[in-house]
Amino acid sequence: MWLWIALGVVGAAALWAVWTFNRLVRLRNRVEEGWAQIDVQLRRRYDLIPNLVETVKGYAAHERELFEEVARARARAIEAGSVPDQADAENEITRGVRRLLAVVEAYPELKASESFLALQEELTATESKIAYARQFYNEQVMRLNTLIGSFPASLIARAFGFTPREFFRIEDPERGPARVGLAD
């Protein structure tokens, strides 16, 4: 009788361990999927920035330092290796794009340019997609980190090398991100 009870407990523990391991793997994969979506949108943003700079440069060639700053920020972001480095680089790009768009306000003919308006629309759509992808990623990171930090799942996580992931934290809209829309 005790043997069957012991076997039942061991079997239940083994099933729980397999279930927990599979849950950890599923969450880790969702985090990686979320990061891949962020990466796709960031790359799209990186592709739009040189076009935006060139368009503005045609009207405000004297802003050379600003153009170089945006180019350096873009290069740093492309080469970022970790989530915190990527977030820092994205904040730098956001500040540069914000300054670039402030320059645009001084050039009504640029604000009316079809190529600038198309770039602005694409950048706005891309920024929205980045925000959505960031939200998805951070939600999955929170779920994974919560499971990794919860007992007794932490035992399985530690045994199989699961580690907490970093959130992708960039400047919040309330703190003044790049404003992509034009004021009338």
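Author: Helices here are DSSP runs of H or I with at least four residues, and strands are runs of E with at least two, both numbered from the N terminus. Isoleucine 5, for example, lies in helix H1. Please keep in mind that this is a predicted model, where local features need pLDDT of at least 70 and side-chain atom pairs count only at pLDDT 80 or more, while totals for chains, interfaces and linings use all residues. Residues are numbered from 1 along each chain as its sequence is written, and side-chain values use heavy atoms, with hydrogens and water left out.

Reader: How do I judge the length of a helix, and what span does H2 reach?

Author: The expected span is 1.5 Å times one less than the number of residues. H2 covers residues 64–79, 16 residues in total. From first C-alpha to last, H2 reaches 23 Å, close to the expected 22 Å.

Reader: Which residues of H2 are buried?

Author: First, the cut-offs: buried means under 20% relative accessible area, exposed means over 50%, and partly exposed is in between, with a 1.4 Å probe and protein chains only. In H2, the buried ones are Leu66, Phe67, Glu69, Val70, Ala73 and Ala77. Seen down the axis of H2, these buried residues fall within an arc of 160 degrees, so they line one face of the helix. The arc is taken from the directions between the helix axis and the C-beta atoms. Here is the general idea behind such a face: an α-helix has 3.6 residues a turn, so residues three or four places apart point the same way.

Reader: And what is on the other side of H2?

Author: There, Arg64, Glu65 and Glu79 are exposed. The buried residues of H2, for their part, pack against helix H1 (2–57) and helix H3 (83–104). Packing is read from contacts, meaning heavy atoms within 4.5 Å.

Reader: Now to charges. How many salt bridges does the structure hold?

Author: The general idea is that side chains of opposite charge can pair when their charged atoms come close. A salt bridge is counted when a side-chain nitrogen of Lys or Arg is within 4 Å of a carboxyl oxygen of Asp or Glu. The structure holds nine of them.

Reader: Which residue forms a salt bridge with glutamate 127?

Author: Arginine 45 does, with the closest N and O atoms 2.8 Å apart. This pair links distant parts of the chain, 82 residues apart: glutamate 127 is in helix H5 (residues 114–149) and arginine 45 is in helix H1. Arginine 45 is buried at 3% relative accessibility, whereas glutamate 127 is partly exposed at 22%. Together with Glu90, these two residues are linked in a network of salt bridges.

Reader: Let me try a contact next. Which residues does threonine 55 touch?

Author: Leaving out residues up to four places away in sequence, threonine 55 touches Leu110, Ser115, Phe116 and Leu119. Threonine 55 is in helix H1 and buried, at 15%.

Reader: One last item, the backbone. Which residues does a cis peptide bond join?

Author: Phenylalanine 151 and proline 152 are joined that way, with omega at about 10 degrees. You will find proline 152 in the loop between H5 and helix H6 (153–159).
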